[in-house]
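Let us read a protein model together, one feature at a time. Keep the sequence and the picture side by side.

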Amino acid sequence: MRLDLIAIGKRMPDWVAEGFAEYAGRLPRELELNLQALPGPSGAKSMDTTTLLRREGEILLKAIPEGARVILLDERGKAVDTKGVAKRLEAWQTDGRDVALVIGGAAGLDEAVRARAEWAWSLSPLTFPHMLVRVLVAEQLYRAWSLLNNHPYHRA
């Protein structure tokens, strides 16, 4: 099963790239986690929010692999604990479909992207910088895997 983290925003500080790579690299080969950092639409600074969301949505939807299960990272999504993430990861593995985890831009996600999603996952009621979400998702997927496999990383 392949996990794709698809996000608007190409420029990442080194610490984000290093943090993502650290946790993605810890996952086993059968749970390959890849980052697709996509450029936002050209002229985004001069666009109104509705147009920006639509254009970013088009970019995100094109990047989702055909047949993939789409999971949104969204503050309006459902918050789950680590055991809940582990249960979902286990179900995804059993199903065998690839998973696309989608992070929108600073303005959020277009309704067309929301309509394509099977689940919206909230990491917290707090608002995080979108770059940090990349690291948090990679760490939580690794933590969920470690819980499912009795690895000592998850000690709770």
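Predicted model: local features only at pLDDT ≥ 70, side-chain atom pairs only at ≥ 80, totals over all residues.

Q: Where do I start? How many helices and strands does the protein chain have?

A: Start with the elements. The protein chain has five helices and five strands. Then read their order. From the N terminus on, the elements run β-α-β-α-β-α-β-α-β-α.

Q: Which share of the residues is buried?

A: Buried means under 20% relative accessible area. In the protein chain, 46% of the 156 residues are buried. Now look at the outside. The accessible surface comes to about 8400 Å². Carbon and sulfur atoms hold 50% of that surface.

Q: What do contacts say about parts of the chain that lie apart in sequence?

A: Take the contacts between residues at least 6 apart in sequence. Of these, 83% join residues at least 24 apart.

Q: How do I read a nonpolar core? Which residues touch the most other members of the largest one?

A: Think of buried nonpolar residues joined through their side chains. The largest core has 28 residues. Leu33, Trp92, Leu101, Trp121 and Val137 touch the most other members.

Q: Which elements each supply at least two residues of this core?

A: The strands are S1 (2-8), S3 (69-79), S4 (99-103) and S5 (119-122). The helices are H1 (14-26), H3 (82-95) and H5 (130-148). H5 gives the largest share, seven residues.

Q: Let me zoom in on one member. Which residues is Leu33 in contact with, leaving aside neighbours within four places in sequence?

A: Look on both sides of Leu33 in the sequence. Its contacts include Leu3, Leu5, Phe20, Ala24 and Leu27. Ala138 and Leu141 are in contact with Leu33 too. There is also a second, separate core of 13 residues. Among its members are Ile8, Leu60, Ala68 and Leu109.

Q: Now single residues. Is Ser42 buried or exposed?

A: Find its place, then its accessibility. Ser42 sits in the loop between strand S2 (32-38) and helix H2 (49-63). Its relative accessibility is 62%, so Ser42 counts as exposed. The cut-off for exposed is over 50%. An exposed residue can still have partners. Beyond neighbours within four places in sequence, Ser42 is in contact with Met47 and Arg55.

Q: Where does Arg11 lie?

A: Arg11 is in the loop between S1 and H1. Arg11 counts as exposed because its relative accessibility is 78%. Next, compare sequence with space. Arg11 and Leu38 are 27 residues apart in sequence, and their C-alpha atoms are 9.3 Å apart.

Q: And inside a helix? Where is Arg88, and how does its accessibility read?

A: Arg88 is in helix H3. At 29% relative accessibility, Arg88 counts as partly exposed. Ala144 is 56 residues away from Arg88 along the chain. Their C-alpha atoms are separated by 9.0 Å.

Q: What does Arg2 touch, not counting residues up to four places away in sequence?

A: Arg2 is found in strand S1. Its 33% relative accessibility makes Arg2 partly exposed. Arg2 touches Glu32, Asn34, Asp98 and Val99.

Terms used
Residues numbered from 1 in each chain as written. Heavy atoms only, no water. Core = buried A, V, L, I, M, F, W, Y, C linked by side-chain atoms within 4.5 Å. Buried < 20%, exposed > 50% of the residue type's maximum accessible area, 1.4 Å probe, protein only. Helix = DSSP H or I, 4+ residues; strand = E, 2+ residues; numbered from the N terminus. Contact = heavy atoms within 4.5 Å. Areas by Shrake-Rupley, 256 points an atom, 1.4 Å probe, with all protein chains shown as cover.
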